[in-house]
Amino acid sequence: MSERTADALAAAFDEHRRYLTAVAYRMLGSHADAEDAVQEAWLRLDRAAADVSDLRAWLTRVVSRICLDQLRTRARRREDPLADQVDVEATTPGPAAHAEAADRVGYALMLVIDQLPPDERLAYVLHDVFGMPFPEIAEVLDRSPVAARKLASRARERLRGGDPDAPSAHTLRRRRAVVEAFLAAARGGDFEALLGVLHPDVELRIDQGPAGIRVVRGAEQVASGASRYHAGAGHHTFEVVALDGRFGILSSVGGVPTSLLLVTSEDDTIVAMEALELD
C-alpha cells in the first residue's frame, strides 16, 4: 500500500472513529475497552483494506464482533466493567472520553443493558440504539435474521422487567410506593417526610459524565440536596418510571427527558440512589 493510500485510509477511518467508539462503549460499558476495540478494528482494516467497499458498515460489523467476543469472555469470567466507573468519586478521562460523552448513552441505560446476555445485548444495541437492520446483525451473530430479531425482542422484554426472575407484583408495588413517597415529599419540601423514607446510611451517586461519580452519603445530606433541587426545578416535570424491576424518577423539560434518579429500596426504605444525566 502506498503512503498516499495509507494516509487516505487513515483519514477515512478517523471520520468514523467517534461513531465506532460510541458503538463499542454502548456494548462494553468501558471507555478503555471501547478504545481497544476500535484500535483492533483499525488493525484489521489495515490488513483488509482492498476488500472493503462500504467502510462504515464493514467497520461496524468488525467492531461489533470484537465486542461480542469480549462480552462472551466477560460472561464466562463474570466481570463487571461498570464497577470501574462507580467505585470512585471522580475520574479524569482522556480526550476520547470527553468527545464520546457528547452523545453517549445515559449511564442509567448502561446499568440495565449490562445485565443482558451477550447476544441479546448486541442485537438490542445495534438495532434499537443504532438502527442496524436485522440481516446485518444476523451476520455479526452468525444467526438468521429471525433469530436476531428474537434476541432483540427478548432484550426489550428484560428491559421492561419481563424476566422470569423479576420481583413479585407485591414487591414491585412496595418499591413504587417508596419512590412515590419520596417524590411527594421532595415536591412538597417536607424534610421530615424525606427522612422517613431514606435509610440513615443512604448513598446517592451522581453521574457527572466525564467528571466521574460524586457520592453523597447520609439521610440528612441526601434529603437536603433533594429539597434544594426540587425548590429550583419549577420548569421540570417528574414521573415515576420502572426499569427492570427497579423504579426511578424521570425529570423532563418541555417533554424532553433530562435526568433520571434510580432508586434501590429495602423494607420500604430507600438505601441507594443514582442520579443520571440523559444528555
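1. Let's start with a term: a residue is buried under 20% relative accessible area, exposed over 50%, and partly exposed in between, using a 1.4 Å probe and protein chains only. At 37% relative accessibility, Tyr229 therefore counts as partly exposed, whereas Phe238, at 14%, counts as buried.

2. A word on the source: this is a predicted model, in which local features need pLDDT of at least 70 and side-chain atom pairs count only at pLDDT 80 or more, while totals for chains, interfaces and linings use all residues. Residues are numbered from 1 along each chain as its sequence is written, and side-chain values use heavy atoms, leaving out hydrogens and water.

3. Now look for aromatic pairs (rings of Phe, Tyr and Trp, the last by its six-membered ring, with centres within 6.5 Å; planes under 30 degrees apart are stacked, over 60 edge-to-face, the rest tilted). The count comes to three aromatic pairs. In one of them, the ring centres of Phe13 and Trp42 are 5.2 Å apart and the planes stand at 50 degrees, so this pair is tilted. Both Phe13 and Trp42 are buried.

4. Tyr229 returns here: with Phe238 it makes an edge-to-face pair, 6.2 Å centre to centre and with 70 degrees between the planes.

5. Which ring has the charged end of Arg56 over it? That ring belongs to Tyr19, and the charged end sits 3.6 Å from its centre. The rule asks for NZ of Lys or CZ of Arg within 6 Å of the ring centre and within 35 degrees of the ring normal.
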